[in-house]
Amino acid sequence: IVHCANHGAVSWSDFAQQVLRAADADPQRVSGVLTSELTPARPAPRPSNSVLATDRFDDLFEPLPDFRDGLGEVVAAYRGST
């Protein structure tokens with residue numbers, strides 16, 4: 001199995017904030033929450049650090065850039081398609 005993803009470890013809340021920044025919106029509209037604080041609790045246990053490892057992909061192919069590098073283009077393309 002080879003996992004493929006852009007570089008740049010980020011939490012879901014940080015990712016949402018990055019998307020809002022790319023859309024020229026207020027990133028403070030999103031705040032993080034600990035998994036232990038979710039109600040109802042997640043049905044399966046989650047690791048404290050679940051960053052997808054892409055080492056094998058990086059060994060076989062050209063590593064992908066940081067996800068932030070093209071995020072503005074993706075947000076702009078999405079906004080143009082709605």
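Reader: Is Asp66 buried, partly exposed or exposed?
Author: Residues are classed by relative accessible area: buried means under 20%, exposed over 50%, and partly exposed in between, with a 1.4 Å probe and protein chains only. Asp66 counts as partly exposed because its relative accessibility is 23%. This is a predicted model, in which local features need pLDDT of at least 70 and side-chain atom pairs count only at pLDDT 80 or more, while totals for chains, interfaces and linings use all residues. Residues are numbered from 1 along each chain as its sequence is written, and side-chain values use heavy atoms, with hydrogens and water left out.

Reader: With which residue does Asp66 form a salt bridge?
Author: A salt bridge is a side-chain nitrogen of Lys or Arg within 4 Å of a carboxyl oxygen of Asp or Glu. The partner of Asp66 is Arg68, and the closest N and O atoms are 2.9 Å apart. Arg68 has 36% relative accessibility, so Arg68 counts as partly exposed. By this rule the count comes to 1 salt bridge.

Reader: Which residues make the nonpolar surface patch?
Author: Patches are made of residues with over 30% relative accessible area and no salt bridge; like charges are joined within 9 Å, and nonpolar side chains (Val, Leu, Ile, Met, Phe, Trp, Tyr) within 5 Å. Accessible areas come from the Shrake-Rupley method with a 1.4 Å probe, and for residues only the protein chains shown count as cover. Here Val2, Leu60 and Phe61 make a nonpolar patch of about 270 Å². Phe61 is partly exposed because its relative accessible area is 48%.

Reader: Where is the place of Phe61?
Author: Helices (H or I, at least four residues) and strands (E, at least two) are DSSP runs, numbered from the N terminus. Phe61 sits in the loop between helix H2 (55-60) and helix H3 (71-81). Cys4 is in the segment before helix H1 (12-22). A relative accessible area of 47% makes Cys4 partly exposed.

Reader: How many residues line the largest pocket, and which lie nearest its centre?
Author: On a 1 Å grid over the protein atoms alone, a pocket is an open set of points with protein on both sides within 12 Å along at least five of seven lines, whereas a cavity is a set where a 1.4 Å probe fits but cannot get out; lining residues have an atom within 4 Å of a point. The largest pocket is lined by 25 residues, and Val10, Ser11, Trp12, Ser50 and Val51 lie nearest its centre. Its volume, the space filled by probe spheres set on the points, is about 900 Å³. Val10 is in the segment before H1, and its relative accessible area of 32% makes Val10 partly exposed. Val10 and Ser50, 40 residues apart in sequence, have C-alpha atoms 9.9 Å apart.

Reader: Where is there a cis peptide bond, and which residue other than glycine has a positive phi?
Author: Most residues other than glycine have a negative phi, and most peptide bonds are trans. In this model Thr39 and Pro40 are joined by a cis peptide bond with omega about 0°. Pro40 lies in the loop between H1 and H2. Asp24 has a positive phi, near 55°, and is found in the loop between H1 and H2. Asp24 is exposed because its relative accessible area is 73%.

Reader: Is Ala23 buried or exposed?
Author: Ala23 is buried, as its relative accessible area is 16%. Ala23 lies in the loop between H1 and H2. Ala23 and Glu73 are 50 residues apart in sequence, with 9.8 Å from C-alpha to C-alpha. Leu71, in helix H3, is buried at a relative accessible area of 10%.
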